[in-house]
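Hi,

Here is the structure I promised to pass on. Have a look at it first, and then read on for what turned up.

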Amino acid sequence: MTVSERIRTQMKLLDLSYGELSAATGLTKSAIHRYATGQTDKIPTEALEKLARALGVTPAYLTGWEQERPHTLAAHFEGEEFSDEELREIEDFVRFVKSKRIGKRE
């Protein structure tokens, strides 16, 4: 899997738009689009770190240096101990909250 595929996969898993990821990282939507579509494979280290943090993974995972995807939210709870089941429940709750927010916009 390429860096761009991993970015898109994480965005889809978290149900994040380019705008939401832009707000979370401070990167422009156009830059994120270029990274996520593979239009450029030269991603500055600082941008890669911001993307990884916002996507709940490590820069090493995004680049393919680590093959196993960390739990999506594990990076946000650094130092906390959660079981795999607890992390799945947290992810489900985040999806639920986001679905309510998206429903209000429509």
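The buried residues of α4 pack against α1, α2 (18-25), α3 and α5. Please keep in mind that this is a predicted model.

The buried residues of α4 (45-55) are Ala47, Leu48, Leu51, Ala52, Ala54 and Leu55. Viewed down the axis of α4, they fall within an arc of 165°, so they line one face of the helix. What does the face turned away from the buried side of α4 carry? You will find the exposed residues Thr45, Glu46 and Arg53 there. After α4 comes Gly56, with a positive phi near 75°.

Now for the core. The largest nonpolar core has 19 residues, and those with the most contacts inside it are Ile7, Leu21, Tyr35, Leu51, Leu55 and Leu62. At least two residues of this core come from each of α1 (3-14), α3 (29-37), α4 and α5 (59-63). Which helix gives the largest share of the core? That is α4, with 6 residues.

Leaving aside residues up to four places away in sequence, Ile7 touches Tyr35, Ala36, Ile43, Leu51, Leu55 and Leu62. Among these, Tyr35, Leu51, Leu55 and Leu62 are also listed with Ile7 as having the most contacts inside the core.

Finally, a word on the rings. The structure holds 0 aromatic pairs. The ring of Tyr61 does have the charged end of Arg6 over it, 4.3 Å from the ring centre.

How values were computed. Residues are numbered from 1 along each chain as its sequence is written. This is a predicted model: local features need pLDDT of at least 70, side-chain atom pairs count only at pLDDT 80 or more; totals for chains, interfaces and linings use all residues. Side-chain values use heavy atoms; hydrogens and water are left out. Rings of Phe, Tyr and Trp (its six-membered ring) pair if their centres lie within 6.5 Å; planes under 30 degrees apart count as stacked, over 60 as edge-to-face and the rest as tilted. A charge sits over a ring if NZ of Lys or CZ of Arg is within 6 Å of the ring centre and within 35 degrees of the ring normal. A nonpolar core is a set of buried Ala, Val, Leu, Ile, Met, Phe, Trp, Tyr and Cys residues joined through side-chain atoms within 4.5 Å. Buried means under 20% relative accessible area, exposed over 50%, partly exposed in between (1.4 Å probe, protein chains only). Helices (H or I, at least four residues) and strands (E, at least two) are DSSP runs, numbered from the N terminus. Contact means heavy atoms within 4.5 Å. The arc is that of the directions from the helix axis to the C-beta atoms.
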